[in-house]
Amino acid sequence: MKLNKINDFRVQPAWYEYVFLYSVTAVSSIILGVSLLNKISGLYGWLALILIISVSYIYSVIKRTRDNRAKQYYLDTIQDYSVPELQQILRRQQKNKSEYMIITRRINYLQHTINNH
């Protein structure tokens, strides 16, 4: 039985996502700085700030979606394991990790299902 972690299923951002994020941040920071020095209209500074906030929000939503999908793939991986196998995996997990909580919930679900039938 292979011991998987949620990070094994997490999709990492592509190189162009980093380039886009860093370029938007750099250009917006320059525009914001020039706007604060009153070299250009304050409107451009506000637009640059809104652009930074929007891009940050979009990337945080993408990261959250990738994290949720990774947890779902992990749950799908342990779906076929029996209670003793899950308990064996559980002993090797740290209590503050997501894997520990997911395995604990799966064990509780299986035990509850077995007890009800």
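Which helices each supply at least two residues of the lining of the largest pocket? Helix H1 (15-36) and H2 do. The views below start with these helices and then move along the chain.

This is a predicted model, in which local features need pLDDT of at least 70, side-chain atom pairs count only at pLDDT 80 or more, and totals for chains, interfaces and linings use all residues. Residues are numbered from 1 along each chain as its sequence is written, and side-chain values use heavy atoms, with hydrogens and water left out.

**View 1. Helix H2 runs from residue 42 to residue 78.** Helices here are DSSP runs (H or I, at least four residues), numbered from the N terminus. H2 has 37 residues. From first C-alpha to last, H2 reaches 55 Å, close to the 54 Å expected at 1.5 Å a residue. That expected span is 1.5 Å times one less than the number of residues. Several H2 residues are buried, including Gly45, Ala48, Val55 and Tyr59. Asp67, Ala70, Tyr74 and Ile78 are also buried. Buried means under 20% relative accessible area, exposed means over 50%, and partly exposed lies in between (1.4 Å probe, protein chains only).

**View 2. The largest pocket has a volume of about 200 Å³.** A pocket is found on a 1 Å grid over the protein atoms alone: it is an open set of points where a 1.4 Å probe fits, with protein on both sides within 12 Å along at least five of seven lines. Grid points are joined across faces, edges and corners, and the volume is the space filled by probe spheres set on the points. The pocket is lined by 13 residues, each with an atom within 4 Å of a point. Pro13, Tyr18, Tyr59, Lys63 and Arg66 lie nearest the pocket centre. H2 gives the largest share of the lining, six residues. By type, the lining divides into six nonpolar, two polar and five charged residues. Ala, Val, Leu, Ile, Met, Phe, Trp, Tyr, Cys and Pro count as nonpolar, Asp, Glu, Lys and Arg as charged, and the others, Gly among them, as polar.

**View 3. Glutamate 17 is found in helix H1.** Is this residue buried or exposed? Glutamate 17 is buried, because its relative accessible area is 11%. Leaving out residues up to four places away in sequence, glutamate 17 touches Tyr59, Ile62 and Arg66. Touching, or contact, means heavy atoms within 4.5 Å.

**View 4. Two aromatic pairs are counted.** Tryptophan 15 and tyrosine 16 form an edge-to-face pair, 5.9 Å centre to centre with 85° between the planes. Tyrosine 18 and tyrosine 22 have ring centres 6.2 Å apart and planes at 20°, so this pair is stacked. Rings of Phe, Tyr and Trp (its six-membered ring) pair if their centres lie within 6.5 Å; planes under 30 degrees apart count as stacked, over 60 as edge-to-face and the rest as tilted. Tyrosine 18 and tyrosine 22 both lie in H1, four residues apart, about one turn of the helix. Tryptophan 15 is exposed at 64%, and tyrosine 16 is exposed at 53%. Tyrosine 18 is partly exposed at 37%, while tyrosine 22 is exposed at 54%.

**View 5. Serine 28 is another residue of helix H1.** Serine 28 is buried, with a relative accessible area of 1%. Beyond its neighbours within four places in sequence, serine 28 is in contact with Ala48, Leu51 and Ile52.

**View 6. Asparagine 38 lies in the loop between H1 and H2.** Its phi is near 60°, a positive value in a residue other than glycine. Asparagine 38 is exposed, with a relative accessible area of 68%.

**View 7. Isoleucine 103 lies in helix H4 (residues 98-116).** Isoleucine 103 counts as buried because its relative accessibility is 0%. Which residues does isoleucine 103 touch, not counting residues up to four places away in sequence? They are Tyr74, Ile78, Leu86, Ile89, Leu90 and Gln93. Isoleucine 103 and tyrosine 74 are 29 residues apart along the chain, and their C-alpha atoms are separated by 9.6 Å.

**View 8. Asparagine 4 is found in the segment before H1.** Asparagine 4 is buried, with a relative accessible area of 14%. Apart from neighbours within four places in sequence, asparagine 4 is in contact with Phe9, Tyr74 and Thr77.
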